[in-house]
Amino acid sequence: MQVLGLTAAEEDVYRHLLRNPGAEPDDLHILLRCAPEETDSALRRFRELGLLREDGGSVSARAPEVVVGRLAEQRLEELYDSIRTLSHLQPIIDSLADEVPAEEADPADGPTERLTDIADIRTRLDELSFFARSEVQSAEPYDALTPENIAHARPLDMRCLRRGVAIRNLVRAAALTDPATLSYLRELSAAGARIRVLDTLDELILIYDRHTALVPIDPADTAKGALCSRERGIVTTIINNFERLWSAAEDFETAVGQDRTGEEAVSELQLRVLEAMCTVAKDETGARKLGISLRTYRRHVSELFQTLGAENRAHAALLARERGWV
């Protein structure tokens, strides 16, 4: 029971009380052959968590399902606190940065950084995606994404969405004519990203947390590299330009004319959910296999039922096989 936060001594006390309901607290350390302080500490903690029943001077343990449930809830809260702490690392970074003498500071850490090597640009994008906490805004003037582009972008985008980071993505209308690109955009949209489409889009813009922006050094030749800026004035100007483009763009689902009752409504992610639904016994296992939340997984299952006209999972699997989806 250590995974639930119990010490070995506390587990011994709990198991003893399960075997011996109505035990006398003063006798526990003798029966368990341990120090009185250990049993007293265990009983005190169990009382705080409401895991004991006391009648006069005797004590009994509550049922295992109650105890395990409460311990698991407390443990999860502790883990969530740790995750929330790890999600806000900027104060630690700032504190460590203060230790670096000004004359030894890396020029790359300045408010505007010039990146000319593709590997350096990709590394910076990976870092910015990892540390993003509120929103990622992007305008990407591509006509199609290569399989390599999609393979690199998918884990970064999905990790942001799973953490609750909002994604707003502007794309060219021409990109919707490429099947692989359209499938990936549908996957992003199904996972929670907001996507809009412009007939004409020439600006390449990436903005992270409304704090850091990347734009090409030369808009006419993106191969020359990128400028990564944290200058408030520059970032604000880039954000304003993005918002202007965003307000003029068309919603993605309207642009592609998705029909929620037809095959075109099924994204790549939903097909993966469908495959998992047909091969695993529990929703929790399927969600974990796909790297999405249980709520998102079940939402896709519900949408698939509606799309297929299925009454239950077995019926959905049969209908999907008839259509050649699995």
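The structure is a predicted model, in which local features need pLDDT of at least 70 and side-chain atom pairs count only at pLDDT 80 or more, while totals for chains, interfaces and linings use all residues. Residues are numbered from 1 along each chain as its sequence is written, and side-chain values use heavy atoms, with hydrogens and water left out.

**Confidence**

- Across the protein the average pLDDT is 82, and 91% of the residues score at least 70.
- Helix α5 (residues 90-97) has the lowest confidence, with a mean of 73, whereas β5 has the highest, at 95.
- Helices (H or I, at least four residues) and strands (E, at least two) are DSSP runs, numbered from the N terminus.

**The largest pocket**

- The volume of the largest pocket is about 1100 Å³.
- Lining this pocket are 38 residues, of which Leu125, Glu140, Asn149, Leu204 and Leu206 are the closest to its centre.
- Two or more lining residues come from each of α6 (118-131), β4 (135-140), α7 (147-162), β5 (166-172), α8 (179-190), β7 (205-208) and β8 (212-216).
- Helix α7 provides the largest share of the lining, six residues.
- By class, the lining comprises 24 nonpolar, seven polar and seven charged residues; Ala, Val, Leu, Ile, Met, Phe, Trp, Tyr, Cys and Pro count as nonpolar, Asp, Glu, Lys and Arg as charged, and the others, Gly among them, as polar.
- The search uses a 1 Å grid over the protein atoms alone: a cavity is a set of points where a 1.4 Å probe fits but cannot get out, and a pocket is an open set with protein on both sides within 12 Å along at least five of seven lines. Lining residues have an atom within 4 Å of a point.
- Grid points are joined across faces, edges and corners, and a volume is the space filled by probe spheres set on the points.

**The loop between β7 and β8**

- Aspartate 209 lies in the loop between β7 and β8 and has a positive phi of about 55° although it is not a glycine.
- Aspartate 209 is partly exposed, with a relative accessible area of 24%; buried means under 20% relative accessible area, exposed over 50%, and partly exposed in between (1.4 Å probe, protein chains only).
- Arginine 210, located in the loop between β7 and β8, likewise is not a glycine and has a positive phi of about 55°.
- The relative accessible area of arginine 210 is 43%, so this residue is partly exposed.

**Other loop positions**

- Serine 134 sits in the loop between α6 and β4 and is partly exposed at 40% relative accessibility.
- Not counting residues up to four places away in sequence, serine 134 touches Gly164, Val165, Ala166 and Asp209.
- Glycine 225, in the loop between β8 and β9 (226-229), counts as buried because its relative accessibility is 3%.
- Leucine 115 is 110 residues from glycine 225 in sequence, yet their C-alpha atoms are 5.5 Å apart in space.
- Leaving aside neighbours within four places in sequence, glycine 225 is in contact with Leu115, Thr116, Ile121, Pro216 and Ile217.

**Helix residues**

- Histidine 300 belongs to helix α13 (residues 294-308) and is buried, at 0% relative accessibility.
- Beyond its neighbours within four places in sequence, histidine 300 is in contact with Ala190, Leu269, Gln270, Val273 and Ile292.
- Aspartate 12, in helix α1 (residues 8-19), is partly exposed at 43% relative accessibility.
- Between aspartate 12 and threonine 307, which are 295 residues apart in sequence, the C-alpha to C-alpha distance is 53 Å.

**Cysteines**

- The model has zero disulfides, a disulfide being a pair of cysteine sulfur atoms within 2.5 Å.
- Cysteine 228 is in no disulfide, and the nearest cysteine sulfur, that of cysteine 160, is 15 Å away.
- Cysteine 228 is buried at 0% relative accessibility, whereas cysteine 278 is partly exposed at 24%.

Definitions and conventions
pLDDT is the predictor's confidence in each residue, from 0 to 100. Contact means heavy atoms within 4.5 Å.
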